[in-house]
Amino acid sequence: MKITRITAYRVELPLVEGDYKWSGGKGVTTFDSTVVVVDTDEGLQGFGEVCPLGPFYLPAYGDGVRTGLAELGPHLIGCDPTAVLPLNDWMDRCLKGHPYVKSGIDMACWDLWGKATGLPVASLLGGVYTESVPLYRAISQEEPEKMAAKVAGYRSEGYRRFQLKVGGDPDMDILRIRQVREILEPGDVLVADANTGWLRHQALRVAGAVADLDVYIEQPCLTYEECLGVREHTTLPFVLDECVDGVNPLLRAISERAMDVVNLKISKLGGLTRLKLARDLCVAHGIAMTIEDSWGGDIITSAIAHLAQSTPPQNLFSCTDFNSYVTRRNALGAPRRQEGRLSILPRPGLGVEPAWDELGDPMVDIVAG
Ligand code: MG
């Protein structure tokens, strides 16, 4: 099978809640998602998606996805999309860095591999462990009372795992964590995600003030070294996210016992191929994972479900159903959450078909010849 055409479409994804806010006054009201379509000489089409969390979360942005695809795409015409390891090596030779640009292509190639073999992507990733996987709900940064009310609302919808956006004023963050934990039941999971928003002294004050609670601390500071400095002085379970942006940082963090849980995001690592490598390393070292992406719609939600269901349940901390946060569907057939859990449908590939009416004209169109 050979790639004959690559097209990319821009789809705006407004939020059900109107906006999504996190540390440092950052926020997004409408997500800029790119749907990637890979055509082949055998008539099969593969679908992928890339959706940065605005331009100021990771070194990635919506127009950057499309610009990168226009640069990289011509090199991929004629490549075998089902040979995902050689294809990823080739993408790295043609465009240094920019893993998020490659993520949508890689996702579409796994979709094609599944369609070519008649297997769900989860089977290609190693096989399905469980019927469904647990979701977490991210709670946008607000006043403590509002965040507690939102947690109560989402808990009534079936979620049992919550990620609070903190990383603001440390005293306010202590109240946020305390008020939310108070309304949760034993067994419910609470993560306080600072999204790099604290300096070390602030992180240590917060961690000390909530040390009596059942709560995880996530990515308190900007750099790995700062986070490690906090980690060494708290007994609370520790999550790393932004600073683990590849396999080498992951290996360092594992060897230095810098975290108990890591958040693996598809586009942060550059696609399913690289996420699978990171996932399997985490399994081998007893690290739990949240499997997700920076953001996304239906195609990314489906990819997350396939990755999560092929991950050993004891290592899967949680995953995300981004398609329930946004008001527009960019594909049909994606899994939808039920009682705070997600499960794939037994179809070849990712099991989704783009909602073509929502896509408009392609922003990138690279054709053989
Ligand atoms: Mg995070």
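## E339 and its surroundings

Leaving aside neighbours within four places in sequence, E339 is in contact with E157 and G158. In this predicted model, E339 belongs to the loop between strand 15 and strand 16 (341-342). The relative accessible area of E339 is 62%, so the residue counts as exposed, the threshold for that class being over 50%. E339 and M289 are separated by 50 residues in sequence, and their C-alpha atoms lie 21 Å apart in space.

## Domain arrangement

The protein is divided into domain 1 (3-118 + 355-367) and domain 2 (124-342). The C-alpha centres of domain 1 and domain 2 are 23 Å apart. Across the boundary, 43 residues of domain 1 are in contact with 45 residues of domain 2.

In soluble globular proteins, nonpolar side chains tend to be buried together. Here the largest nonpolar core has 121 residues, and those with the most contacts inside it are I105, L164, I177, L240, V262 and W295. Helix 3 (residues 99-117) supplies the largest share of this core, eight residues. Because domain 1 (3-118 + 355-367) and domain 2 (124-342) both give residues to this core, it lies between them.

W295, one of the residues with the most contacts inside the largest core, touches L15, Y20, F31, C51, P52, L53, I300, F322, Y325 and V326, not counting residues up to four places away in sequence.

## The magnesium site

The magnesium ion is coordinated by D193 (OD), E218 (OE) and D241 (OD), at 2.0 to 2.4 Å. Along the chain, these donors follow the spacing D-x24-E-x22-D. E218 lies in strand 10 (residues 216-218), whereas D241 lies in the loop between strand 11 (238-240) and helix 9 (247-255), so the pair ties together parts that are 23 residues apart in sequence. Both E218 and D241 are buried.

## Two buried polar residues

N330 is located in the loop between strand 14 (316-319) and strand 15 (331-332). With a relative accessibility of 0%, N330 counts as buried, and its side chain makes a polar contact of 2.8 Å with the side chain of E49. Beyond its neighbours within four places in sequence, N330 is in contact with V11, L13, S33, V35, E49, G297, D298, I299, P354, A355 and L359.

S318 is found in strand 14. The relative accessibility of S318 is 2%, so this residue also counts as buried. S318 touches P134, L135, Y136, R161, M289, T290 and I291, when residues up to four places away in sequence are not counted.

## Helix 11

Helix 11 (residues 272-284) has 13 residues. From its first C-alpha to its last, helix 11 reaches 18 Å, close to the 18 Å expected at 1.5 Å a residue. Its buried residues are L272, T273, L275, A278, R279 and C282.

An α-helix has 3.6 residues a turn, so residues three or four places apart point the same way. Just after helix 11, G286 takes a positive phi of about 70 degrees.

Terms used:
Residues are numbered from 1 along each chain as its sequence is written. This is a predicted model: local features need pLDDT of at least 70, side-chain atom pairs count only at pLDDT 80 or more; totals for chains, interfaces and linings use all residues. Side-chain values use heavy atoms; hydrogens and water are left out. Donors are N, O and S atoms within 2.8 Å of the metal (3.2 Å for Na, K and Ca); water is not among the atoms, so sites may look incomplete. Helices (H or I, at least four residues) and strands (E, at least two) are DSSP runs, numbered from the N terminus. Buried means under 20% relative accessible area, exposed over 50%, partly exposed in between (1.4 Å probe, protein chains only). A polar contact is a pair of N or O atoms within 3.5 Å; within protein, one must be able to donate a hydrogen and the other to accept it, and residues adjacent in sequence count only if both atoms are side-chain atoms. Contact means heavy atoms within 4.5 Å. The expected span of a helix is 1.5 Å times one less than its number of residues. A nonpolar core is a set of buried Ala, Val, Leu, Ile, Met, Phe, Trp, Tyr and Cys residues joined through side-chain atoms within 4.5 Å. Domain bounds come from an automatic or database domain assignment.
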